[in-house]
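Please keep the sequence and the model open while reading.

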Amino acid sequence: MICLSVLILLFLATFLIFTEQGKEKEIENPSGFENVSVHEAEGMIEEGNVFILDVRTPDEFNSSHIKGATLIPVSNVSGSNLSSERLLEARIDEVPRKKVLVYCKSGRRSVSASTMLVDAGYSEVYNMEGGINAWIDAGYPVVSSEDIETDDGSRG
């Protein structure tokens with residue numbers, strides 16, 4: 001009888017420990033998106049099948065961005081004066097329902113954008129911590145709008 005009581009007590013203790021660990025994971029990231037390092041982000045891009053979403057301003061995007069990224073600003077900052085219909089909240093349907101990697105300059109605006117995407121029902125949202133600043137600091141390549149050739153061969 002004592003042996004059975006000890007086994008039940010051990011089972012309950014184990015159950016409670018695993019239950020609490022699950023709660024800790026929920027508390028770590030209750031927002032529904034996953035934070036990833038620039039190294040993890042680079043791996044996702046190399047694997048392909050990821051939509052790269054730059055949520056900075058057009059001026060920031062034009063000066064440097066990750067190759068293949070799509071610009072949809074999340075807010076007006078740094079003197080930009082975009083109309084509300086040009087911001088992510090109004091253009092969220094332009095983001096495909098697949099794996100989405102979100103980044104900004106330093107990682108703050110991308111958290112807002114990632115939360116907005118999750119709230120809109122997106123399930124595979126990844127926020128790149130540190131933004132493009134961390135990407136550049138890690139030595140990963142960027143392009144500028146001046147680097148991109150148009151169909152007629154001119155730069156633009």
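Thr57 counts as buried because its relative accessibility is 4%, where buried means under 20% relative accessible area, exposed over 50% and partly exposed in between (1.4 Å probe, protein chains only). The residue lies in the loop between strand E2 and helix H3 (58-63); helices (H or I, at least four residues) and strands (E, at least two) are DSSP runs, numbered from the N terminus. Leaving aside residues up to four places away in sequence, Thr57 touches Leu71, Val77, Ser80 and Arg109, a contact being heavy atoms within 4.5 Å. Val77 is 20 residues away from Thr57 in sequence, and their C-alpha atoms are 7.2 Å apart.

The model is predicted, so local features need pLDDT of at least 70 and side-chain atom pairs count only at pLDDT 80 or more, whereas totals for chains, interfaces and linings use all residues. Residues are numbered from 1 along each chain as its sequence is written, and side-chain values use heavy atoms, with hydrogens and water left out.

**The chain and its sheet**

The protein chain has 6 helices and 5 strands, and from the N terminus on its elements run α-β-α-β-α-β-α-β-α-β-α. Of its 156 residues, 35% count as buried. Among contacts with a separation of 6 or more, 62% are between residues 24 or more positions apart.

The 5 strands form an open sheet with parallel pairing, in the order E1-E5-E4-E2-E3; two strands pair if DSSP finds at least two bridges between them. Strand E1 (34-36) and strand E3 (70-71) stand at the edges with a single partner strand each, so one side of each has no neighbour in the sheet. Strand E4 (residues 100-103) runs parallel to E5 and is joined to it by 3 bridges, and Leu101 has Tyr126 as its bridge partner in E5.

**Helices across the sheet**

| Helix | Lies across | Angle |
|---|---|---|
| H2 (residues 38-47) | E1, E2 (51-54), E4 and E5 | about 100 degrees to E1 |
| H5 | E2, E4 and E5 | about 175 degrees to E5 |

In H2, Val38, Ala41 and Met44 are buried. Seen down the axis of H2, the buried residues fall within an arc of 115 degrees, so they line one face of the helix; the arc is that of the directions from the helix axis to the C-beta atoms. What covers these buried residues includes E1, E4, E5 and helix H6 (131-137), while His39, Glu46 and Glu47 are exposed on the other side of H2.

Gly48 follows H2 and has a positive phi, near 85 degrees. Asn49, in the loop between H2 and E2, also has a positive phi, near 55 degrees, although Asn49 is not a glycine. Most residues other than glycine have a negative phi. Asn49 counts as exposed because its relative accessibility is 60%.

The rings of Trp135 and Tyr140 have centres 4.7 Å apart and planes at 40 degrees, so the pair is tilted; rings of Phe, Tyr and Trp (its six-membered ring) pair if their centres lie within 6.5 Å, with planes under 30 degrees apart counted as stacked, over 60 as edge-to-face and the rest as tilted. Trp135 is buried, with a relative accessible area of 3%.

Elsewhere, the charged end of Arg97 sits over the ring of Tyr122, 4.0 Å from its centre; a charge sits over a ring if NZ of Lys or CZ of Arg is within 6 Å of the ring centre and within 35 degrees of the ring normal.

Ser123 is found in the loop between helix H5 (108-119) and strand E5 (125-128). Is Ser123 buried or exposed? Ser123 counts as exposed, because its relative accessibility is 64%. Gly32 is 91 residues from Ser123 along the chain, and their C-alpha atoms are separated by 7.5 Å.

Technical notes. Axes fitted to C-alpha atoms, helices over the stretch in contact; angles between N-to-C directions.
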